[in-house]
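I opened this entry to keep a record of what I looked up, in the order in which I looked. Where do the chains meet, and how do the helices pack?

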Amino acid sequence: MGDLYIGLVLVPMTIGALAAVSCALLGNFLVLRKQSLMGDAVSHVVLPGIVVAFILTGSISVGPMLLGAAAAALISALLIELVRNLGKVEPGAAMGVVFTALFALGVVLLEQSNTREVHFDVEHALYGNLESLVWLSGMDAGSLFNRAALADLPPQLGRLVLALAAVLIFLVVFWRPLVVSTFDPVFAQAAGVPVRFIGAALISLVAIVAVTAFEAVGAIITIAMLICPAAAARLMTNRLIPQLLWSVLFALLSAVVGFWAAGSGMALIGSGFSVSAAGMIAAVSGAILAVCAFAAPQRRGAVN
Amino acid sequence: MIDIAAFINALTFSAGYNTAIVAVGAILLGWAGGTVGTYLLLRQRSLVSDALSHATLPGVGIAFLLMAWFGGSGRFLPGLLLGAAISAMIGLAGVEWLTRRTRLNSDAAIGAVLSSFFGLGVVLLTIIQSLGIGRQAGIGSFLLGSTSGMLRNEAYTLAALALFVAFLVFVFRRPLTLVCFDETFARTSGIDIRRTDLLLMFLVMAVTVTGLRIVGLILVVALLIIPPVAARFWTEKTNTMIVVSGLVGAASGFIGTALSASVPNFPAGPVIVLVAAVLFVLSLLLAPARGVFYGLYRARAFSRKVHRRQGLLAILRGEAIYDKDTIRVLKSEKLIRGDGTPTRAGLDAAETAAREEALWTIYLRNNPDAAYRAARMRLDPIADRLTASEIAELERQFAGPSGVLPAQ
């Protein structure tokens, strides 16, 4: 184990894994509610939110950007509902209108403002830069107990721990209403469960997690992890809790294998390529889903 | 900011030969996208195009690598587009397969294909970058599109492709419309639904691939989604919607490329999408069929008529009116005075209202099927809604066998 292993590999890998697990847990409910593409939409509109926050505050500090992104996510959710109700079109089309329009706005604003100097561009927003979230003070296991070295950890790590904690708390506290309103919204409504509130809370949490994950690891991982692990887990079992556990396993597997394949794996097959870890993690999660779609026990579902 | 002279130049196709070719391509592309998108919306499959467009990226990467491998420039546009088309078809097959053969819904299938293909594409892009075979500018522009710095050959290729797609759409518009409008009728008229759906997907793929270089793969779906949703507000008829949507798309392509050519740092792709979005918002607010303002106006007019009618009936019965809105409506038409007592005109109108209510009641008894329509119609003067002979018949029934109208 090299000296820099913890700082250069374990820390970014952990950040990727935290983002993956938070997204995957929520993704289960999106898949069951046929709202998978909400994650896609939210991840697109984060861009204009961040750009507007940058234009307003003139800084790239994290606080305003997270706020801007969260606000954009919320506005987009409202706009989608509005377009859906006014236009009486399918939710997918309403979503498509809103997220492409807002994303286009974000790109144009970005091009118009002088953000070029502060290293911020669309590609960075898409791919994130997982490889750069290293912990240079993390030379050896000893630094795990060294206060000064710990203060040097990438701040994204702490934020993602908080996000994961928020997801877990949400699941524990709202478990029963969430499950009931997911599987049988009509019954839930009749039984007095605040179905709309639960739905809104779920989407808000998806937005928060997507924004936090987006800032750390980029849009690709966020979208892939909101959908692929949960979809693969759905093919493994008919029961919810095992499905959540499978999705966490798949998310961890994607993050670890993807990160490894992008770095060491490439070196192993003797190529000097440096490859986007975010892209690799997304591709691995897709491969896991493909395997499940071919071979998972419950791939056909209970009906057919 | 905006250079008006340059903008007018661009609008009149005189801002340079390349720009003009690109503009023509964008117009054709916008028209084809709007038209194909309408079919897609009516088949409720709009977001399949999102999976399709993201799935083009690995194909572009592989085509680039292959062409560079064989000593080509790697940036050869037809080759890249062919790669894009092949990998888009694989992605589409993936979506179809996941939806058909597993329990996953189409939204999860779309999202999964979209994100994993895109991830794979990004991996390939980073490989290309680290290979350092240069000229990645051509590749990067597939993400967000760009028209500046486009070679003349590329502009020709895109315009020709757009023309080809527009031609296909025009040729196949009848079976497509039939399938979207009435699947059962289409089947009984001998149209193969499955083959028509495949054709539709091929057209979507063609629009997407053509749009990649101009609008970029993240936003090209907007060309297929925004125009038809905008057109939805203008009409309830499929054929009209197809035409309106094509026009919205073409206008977006035209105005978007012109703006992009005349304003610095205005990338063509996002600007075309923004123009489409503006047209969408205008449609949502102003369109006569389903627009917000017209809807509000209609709701207000209806509520006014209800207040007027109820107020007049109350006058006739000699009841006091308490509802503020009713009083306001009656006063504004000088049917009651400030103290709430009816004017001469008010009494006349009240008698007319009572007579029409009575006639409408008979009409409803005769035509129970018309109840839904009559609920709105009966607030208008009866002579505007029924023919003179219909009214005469209602009056005959109202008077009864004696032939004398009862006193009011």
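**Entry 1: the interface.** I began with the two chains together and found 49 residues of chain A in contact with 47 residues of chain B. Two residues are in contact if their C-beta atoms, placed from the backbone, lie within 7 Å. I then listed the elements that give two or more residues to the side of chain A that touches chain B: helices H2 (36–57), H3 (62–87), H4 (91–112), H5 (122–127), H11 (219–234) and H13 (277–295) of chain A. H4(A) gives the most to that side, with 13 residues. By class, I noted 30 nonpolar, 12 polar and seven charged residues on the side of chain A that touches chain B. For the classes, Ala, Val, Leu, Ile, Met, Phe, Trp, Tyr, Cys and Pro count as nonpolar, Asp, Glu, Lys and Arg as charged, and the others, Gly among them, as polar.

**Entry 2: conventions.** I note that this is a predicted model, in which local features need pLDDT of at least 70 and side-chain atom pairs count only at pLDDT 80 or more, while totals for chains, interfaces and linings use all residues. Residues are numbered from 1 along each chain as its sequence is written, and chains are lettered from A and ligands numbered from 1 in the order in which they are written.

Entry 3: I followed H4(A) to helix H12 (residues 220–232) of chain B. The axes of H4(A) and H12(B) come within 9 Å and cross at roughly 120°. Axes are lines fitted to C-alpha atoms, for helices over the stretch in contact, and angles run from 0 to 180 degrees between N-to-C directions. H4(A) and H12(B) are therefore oblique to each other. Angles under 35 degrees count as roughly parallel, over 145 as roughly antiparallel, 65 to 115 as roughly perpendicular and the rest as oblique. H4(A) passes H12(B) in a left-handed crossing, a term for a near helix turned anticlockwise from the far one by less than a right angle, right-handed being clockwise. From H4(A), the contact is made by A:Ala93, A:Gly96, A:Val97, A:Thr100, A:Ala101 and A:Ala104, and from H12(B) by B:Val221, B:Ala222, B:Ile225, B:Ile226 and B:Val229. I sorted the residues of this contact into nine nonpolar, two polar and no charged.

**Entry 4: chain A as a whole.** How many helices and strands are there in chain A? I found 13 helices and zero strands; helices (H or I, at least four residues) and strands (E, at least two) are DSSP runs, numbered from the N terminus. Chain A has 304 residues, of which 53% count as buried. A residue is buried if 20 or more other C-beta atoms lie within 10 Å of its own, exposed if 12 or fewer, and partly exposed in between, with C-beta atoms placed from the backbone. Among contacts in chain A between residues at least 6 apart in sequence, 74% join residues at least 24 apart.

**Entry 5: a helix pair inside chain A.** Helix H7 (residues 155–173) and helix H10 (residues 195–217) of chain A pack at an angle of about 160°, with their axes 10 Å apart. That makes H7(A) roughly antiparallel to H10(A). I also noted that the crossing of H7(A) and H10(A) is left-handed. The residues that make the contact include A:Leu160, A:Ala163 and A:Val167 of H7(A) and A:Ile208, A:Val209 and A:Thr212 of H10(A). The contact of H7(A) with H10(A) divides into 10 nonpolar, two polar and two charged residues.

**Entry 6: two lysines with positive phi.** Phi of A:Lys34 is near 55°, positive in a residue other than glycine. I found A:Lys34 in the loop between helix H1 (5–32) and H2 of chain A. A:Lys34 counts as partly exposed, with 15 C-beta neighbours inside 10 Å. B:Lys334 is not a glycine either, and has a positive phi of about 55°. I placed B:Lys334 in the loop between helix H16 (324–332) and helix H17 (344–366) of chain B. Is B:Lys334 buried or exposed? With 11 other C-beta atoms within 10 Å, B:Lys334 is exposed.

**Entry 7: a residue of H12(B).** I went back to H12 of chain B for B:Ala231. B:Ala231 counts as buried, with 28 C-beta neighbours inside 10 Å. Leaving aside neighbours within four places in sequence, B:Ala231 is in contact with B:Thr38, B:Met241, B:Val244, B:Ser245 and B:Val248.
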